[in-house]
Amino acid sequence: MDSALSDPHNGSAEAGSPTNGTTRPPSTPEGIALAYGSLLLMALLPIFFGALRSVRCARGKNASDMPETITSRDAARFPIIASCTLLGLYLFFKVFSQEYINLLLSMYFFVLGILALSHTISPFMNKFFPANFPNRQYQLLFTQGSGENKEEIINYEFDTKDLVCLGLSSIVGVWYLLRKHWIANNLFGLAFSLNGVELLHLNNVSTGCILLGGLFIYDVFWVFGTNVMVTVAKSFEAPIKLVFPQDLLEKGLEADNFAMLGLGDIVIPGIFIALLLRFDISLKKNTHTYFYTSFAAYIFGLGLTIFIMHIFKHAQPALLYLVPACIGFPVLVALAKGEVTEMFSYEESNPKDPAAVTESKEASASEGLEKKEK
């Protein structure tokens, strides 16, 4: 998992250092401010809208939109798995040709990016289809076994409108595959981030604290303790980071001196912020206190990361600043309101769990019976 805020990117040198026998002109203060401000804004968008969509996702009954619930065991193992993956990628780049590895990764993320972008834009595109649009329903179903032992492997429902979104997303995919343009990279990165925040659900606040705490240590170690994360981030030509050129004002869309933000710095705090929004709703007080508090904490933490990085001219582990802010601010608010017990006792069931599915079916049947009686 790439989770560092860095500058610059893609082999570009620090301002004023030689590159291919020439000296890169230093970025202007305006260009730096534009780059950092844009990264901050791009980070906030998938968190805000992904959190809102996570509420609908948690209530949804469509099997294709079922969230993946992260338990405390998953959270504890995640930093270890992420470390092994990161180190494996680092060794691959050291041993094998970077060109061939990135070609394979480009094809992989080309497919994933199209699917993620299509899922992201689908709700917005539905507003532009005319009422008489011939919309047909489809279902992709793969099962194994037969009779009572039949088990669903894939159950994906979609319609003609989704196919149109898939076609539009494919255009961006081809653009990214052929040009590796930073705008196409960011469109895929934003889609990955929004889908992550929407579809990855923490089952409770304690699990969120375990996950963020573990990745806090992971981020600090791999950024400050080694050069592994920054090396992989600069070598890895895939939309796993958001980038924005600091020399956009001088070179326009062909700018190449990038600041970057790893998607891990968006998705990991984002799923915790989304959990707090669902907790707010569970309180039934018609306020979103914890959501707005954690959202403001994220802005503070990322802003502090950018400030520290600009002062010390060194890549920063953003979770070093984001984790204390995103956990600390809401807990302080809960202490002030006397709701710490409610916060840490809030629990979400796994919608893919057989018991939860049975309970959901029983609730639906009960609702249908009540409507008939009325």
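## Helices, strands and the model

Helices (H or I, at least four residues) and strands (E, at least two) are DSSP runs, numbered from the N terminus. By that rule, this protein has 13 helices and 9 strands.

Keep in mind that you're looking at a predicted model, where local features need pLDDT of at least 70 and side-chain atom pairs count only at pLDDT 80 or more, while totals for chains, interfaces and linings use all residues. Residues are numbered from 1 along each chain as its sequence is written, and side-chain values use heavy atoms, with hydrogens and water left out.

## Inside and outside

How much of the protein is buried? Of its 374 residues, 46% fall in that class. Buried means under 20% relative accessible area, exposed means over 50%, and partly exposed is in between (1.4 Å probe, protein chains only).

The protein exposes about 19,200 Å², and 64% of that comes from carbon and sulfur atoms. Such areas come from the Shrake-Rupley method with a 1.4 Å probe; for residues, only the protein chains shown count as cover.

Now for contacts, meaning heavy atoms within 4.5 Å. Take those between residues at least 6 apart in sequence: 76% of them join residues at least 24 apart.

## A nonpolar patch on the surface

L140, F142, I153, I154 and Y156 make up a nonpolar surface patch, with about 450 Å² of accessible area together. To join such a patch, residues need over 30% relative accessible area and no salt bridge, and nonpolar side chains (Val, Leu, Ile, Met, Phe, Trp, Tyr) are joined within 5 Å. A salt bridge is a side-chain nitrogen of Lys or Arg within 4 Å of a carboxyl oxygen of Asp or Glu.

Which strand gives the most to the patch? That's β6, with 3 residues. Both β5 (137-144) and β6 (151-159) supply at least two. F142 lies in β5, and F142 counts as partly exposed because its relative accessible area is 43%.

## Rings

Searching the whole structure turns up 17 aromatic pairs. Rings of Phe, Tyr and Trp (its six-membered ring) pair if their centres lie within 6.5 Å. Ring pairs tie F48, F49, F291, Y292 and F295 into a cluster.

## A look at V340

V340 sits in helix α12 (residues 340-345). With 25% relative accessibility, V340 is partly exposed. Leaving out residues up to four places away in sequence, V340 touches A334 and L335. P330 is 10 residues from V340 along the chain, and their C-alpha atoms are 9.5 Å apart.

Conventions: Rings of Phe, Tyr and Trp (its six-membered ring) pair if their centres lie within 6.5 Å; planes under 30 degrees apart count as stacked, over 60 as edge-to-face and the rest as tilted. Patches are made of residues with over 30% relative accessible area and no salt bridge: like charges are joined within 9 Å, nonpolar side chains (Val, Leu, Ile, Met, Phe, Trp, Tyr) within 5 Å.
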